[in-house]
Amino acid sequence: MAQTLEEVEVLHKPIDAQTFFDKYVSKRKPVKFSFVLDEFKAMSQQWKDNHYLKSKAGKEKIFAEVRQSMDDKFGIAKKEQMEFGNFLDLLSTKQGGNYYLTVQEIECNEYGPNKLYASPLNEALLQDDIPMKPSILSYLELHQINCWMGHSE
């Protein structure tokens, strides 16, 4: 049976990679982090700044989900192609809650994705901000990195 958000365990401080793997990854058990890993602290501050994001990836083409109203659900909305910078501008408008950046398509071959990143990360300098091997994930190999972004109240 699927867990509800209230039932998902919360980590309040970092744990070692072996414990993380044994307790969560190997059991496919979700966990929520209530803190930012040291390797992500700089990125978590920089990515709050739309000017920074635009300077690194503003011209990247993305597909954003667009809802007709705030009552509609994401995941079933139509997608609209736009520049990442324009998407960031839309998020700060009254209609910003109708836009959501979700998983972008990555071309695959018989072995899996051809790239590690999708837009707005793939050709932009934003990928340089992402730690490739956070200490808590040292037992794992990256398969794909995605970026989700939206407006919340």
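A disulfide is a pair of cysteine sulfur atoms within 2.5 Å.

## Cysteines

By that criterion, a search of the whole structure finds zero disulfides. The sulfur of Cys108 has its closest cysteine sulfur in Cys147, at 18 Å, which is too far for a bond. Cys147 has a relative accessibility of 11% and so counts as buried (buried is under 20% relative accessible area, exposed over 50%, partly exposed in between, with a 1.4 Å probe and protein chains only).

## Basis of the model

This is a predicted model, in which local features need pLDDT of at least 70 and side-chain atom pairs count only at pLDDT 80 or more, while totals for chains, interfaces and linings use all residues. Residues are numbered from 1 along each chain as its sequence is written, and side-chain values use heavy atoms, with hydrogens and water left out.

## Helix H1

Helices (H or I, at least four residues) and strands (E, at least two) are DSSP runs, numbered from the N terminus. Helix H1 covers residues 17–25, and its buried residues are Ala17, Phe20 and Tyr24. Viewed down the axis of H1, these buried residues fall within an arc of 65°, so they line one face of the helix (the arc is that of the directions from the helix axis to the C-beta atoms). They pack against strand E1 (9–11) and strand E2 (31–33).

The N-terminal end of H1 is capped by Asp16, which has a side-chain oxygen 3.1 Å from the backbone nitrogen of Gln18.

## Aromatic pairs

Rings of Phe, Tyr and Trp (its six-membered ring) pair if their centres lie within 6.5 Å; planes under 30 degrees apart count as stacked, over 60 as edge-to-face and the rest as tilted. The structure holds five such aromatic pairs. In one of them, the ring centres of Phe84 and Phe87 are 6.3 Å apart and the planes are at 20°, so the pair is stacked. Phe84 and Phe87 both belong to helix H4 (residues 84–91), where they are three residues apart, about one turn of the helix. Both residues are buried. One aromatic cluster is formed by Phe20, Tyr24, Phe33 and Phe35.

Phe84 has a relative accessibility of 0%. Leaving aside neighbours within four places in sequence, the residues in contact with Phe84 include Leu53, Ala57, Glu60, Ile62, Leu101 and Met149 (contact means heavy atoms within 4.5 Å). Between Phe84 and Gly112, 28 residues apart in sequence, the C-alpha to C-alpha separation is 25 Å.

## The open sheet

Four strands, in the order E4-E3-E5-E8, form an open sheet with antiparallel pairing. Strand E4 (78–83) and E8 are at the edges with a single partner strand each, so one side of each is left without a neighbour in the sheet. Two strands pair if DSSP finds at least two bridges between them. Strand E3 (residues 61–66) and strand E5 (residues 99–101) pair over three bridges in the antiparallel sense. Ala64 stands opposite Leu101 in E5.

## Ser119

Ser119 is located in the loop between strand E7 (112–113) and strand E8 (149–150). This serine is buried, at a relative accessible area of 12%. The side chains of Ser119 and Glu60 make a polar contact at 3.1 Å (a pair of N or O atoms within 3.5 Å; within protein, one must be able to donate a hydrogen and the other to accept it, and residues adjacent in sequence count only if both atoms are side-chain atoms). A polar atom of the Ser119 side chain also lies 2.6 Å from the backbone oxygen of Lys61. With neighbours within four places in sequence left aside, Ser119 is in contact with Glu60, Lys61, Ile62 and Gln104.
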